[in-house]
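Thanks, everyone. Have a look at it first.

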Amino acid sequence: MPNSRQPLQSKAAANTPLESLRRGSGQLFETERRLNAVLNNASVSIFLMDDRQHCIYMNRAAETLTGWTLAEVLARDCPLHDIVHHTYPDGRPFPLEECAIDRAFPENNQERGEEVFVHRDGHFFPVGFTASPIRDDAANIIGTIIEVRDISEEKAAAERQRLLINELNHRVKNTLATVQSIAAQTFRGQTEQAVRAVFDARMAALSNAHNVLVEDNWESASLFQVIERALAPHLLAEVDVNRFRLEGPDARLHPKVAVTLAMALHELMTNAAKYGALSVPEGQVAVTWSLHDVDEGRQQLDLSWEERGGPAVAPPTRKGFGSRLIERQLPMEFDGAAVITYAPTGVTCRLEIPLTTLGWVGQEAVEGRRAP
Amino acid sequence: MTVLLGRRVLLVEDESLVAMLAEDMLLDLGCEVAIAMRLNRAIDLVRSEAFDLAVLDVNLGDAHSYPVADLLFERGTPFLFATGYGQQGLEGTYRGVPVLQKPYQAEPLEHLLARLLTGGMPLREGGTGLPPPCRCQDTQAGGNRFRADQVL
């Protein structure tokens, strides 16, 4: 391809931006004046490159961005890379052959990427670029137009957000641990060990559900991971494949759905371990689920929990925390349905949860409206 | 306790585990409790049933409970907000409403509810004392979310 490229402009012709346009009628002159007005008013930097990666035009924003004037860049008579991109941020020299922008001499319009440029005064700054080829009448590529934005502030904002999320994770975990400690101190010697163990296990289930949320910055959680974490005997263990059969597609869950579902599964598991299929060595649990569309863009999760191989089941005489959470709260929280059946062959539970659209109140104001 | 005995209380709270706790506290105070965990359910309940009192969680995850507050203002039903943020977290026109600081505690809850029953309606900040006409219907008709504080 390089052989087919023709120089966009000779060096002499390039000495003044768009000078070739000046040849000809006054209408061309008027066009040039308009183009210069547009280019020099643009807040984004625009570079026009020939097929040797020499810069033959840059607008005012590009001069401000790099610290170099167009005249200086033209006088250097070298690839733009050697002027604004010659050193890696760690100080090593950055030869043209390794340059992604150069290698990505765009065959396609609007190729995008991020790089770190060097200002004339020596400081590094991150940029986002969009590059498109310029073609001659025969569609040969004769140059490149590159649009460049300084993305320092975006990078800094992303870094601040990362730190804030780390701090949020830290505080939530700390608060859970603090609550656990307060409970331990408060009830020391006042309650049975068994009750304390139930409390600690519920705190751990809540904490596990939060671990899954942390992985996606609290935006959403993987359905599969929520189920796996809830059914694993402890944080460092895997789900026992001899006991559980998990089957269903993954999905992104709203944090509220993730937490309540994790707590519901924890209660089912605790019950199974105490009275149901998991209380005997040969008992098994099948957790199967599917997703289907309910209305525009929203999906519903249908999840089934089926125990078998356990001791004969008798309906409980008293409904506790678990059945209250699952059968009453969960349907109310998500406008869904939940039924627990105490069949003699094993407990089954069916959940229908319309999946809440991801997001939270005030999110648009915090993050700025997303492009449609 | 006696003043709250048998009172019908609407509890609007979007977190299952927290709703269970608040419900238990209200039941222990002798109240009859109706729970709404979603905004549309809360609005339906206020429109169709009569309540002596209401406890509103401010942040319902994907919405605020302010449209419910507007309806309660219109009906003259005393209510309080429950929030972790305190009074400063409320939007301007609602700052006259008593706030129960989360996490829920039985004693402050009882104290505030009793005071609401004997002391009457909370006032809107800078209001005339008369509740403004309810505009919640606009939400459903127009599709755009109506925010009372922007209009007043």
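This is a predicted model. Start at A19(B). It sits in helix 1 of chain B, residues 16-28. Buried or exposed? A19(B) is buried, because 24 other C-beta atoms lie within 10 Å, and 20 or more is the cut-off.

What does A19(B) contact, beyond its neighbours within four places in sequence? In chain B, the partners are L11(B), E13(B), I35(B) and M37(B). Across in chain A, there is Q329(A). Take M37(B): 18 residues away from A19(B) in sequence, yet 8.0 Å away in space, C-alpha to C-alpha.

Now the interface. 13 residues of chain B are in contact with 14 residues of chain A. On the chain B side, helix 1 gives the most, with four residues. That side divides into six nonpolar, four polar and three charged residues.

Next, the cores. The largest nonpolar core has 40 residues. Those touching the most other members include L11(B), L56(B) and F79(B). Helix 3 of chain B, residues 66-75, supplies the largest share of this core, six residues. L56(B) is in contact with V68(B), A69(B) and F79(B), among others. A second, separate core has 39 residues, among them A205(A), I326(A), L330(A) and V347(A).

Last, helix 6 of chain A, residues 152-186. At 1.5 Å a residue, its 35 residues should span 51 Å. The end C-alpha atoms are 50 Å apart, which agrees. How many of the 35 residues are buried? Zero, so helix 6 of chain A lies largely in the open.

Conventions: Residues numbered from 1 in each chain as written. Chains lettered and ligands numbered in written order. Predicted model: local features only at pLDDT ≥ 70, side-chain atom pairs only at ≥ 80, totals over all residues. Helix = DSSP H or I, 4+ residues; strand = E, 2+ residues; numbered from the N terminus. Buried ≥ 20, exposed ≤ 12 C-beta atoms within 10 Å, placed from the backbone. Contact = placed C-beta atoms within 7 Å. Nonpolar A, V, L, I, M, F, W, Y, C, P; charged D, E, K, R; others polar. Expected span 1.5 Å × (residues − 1). Core = buried A, V, L, I, M, F, W, Y, C linked by C-beta atoms within 7 Å.
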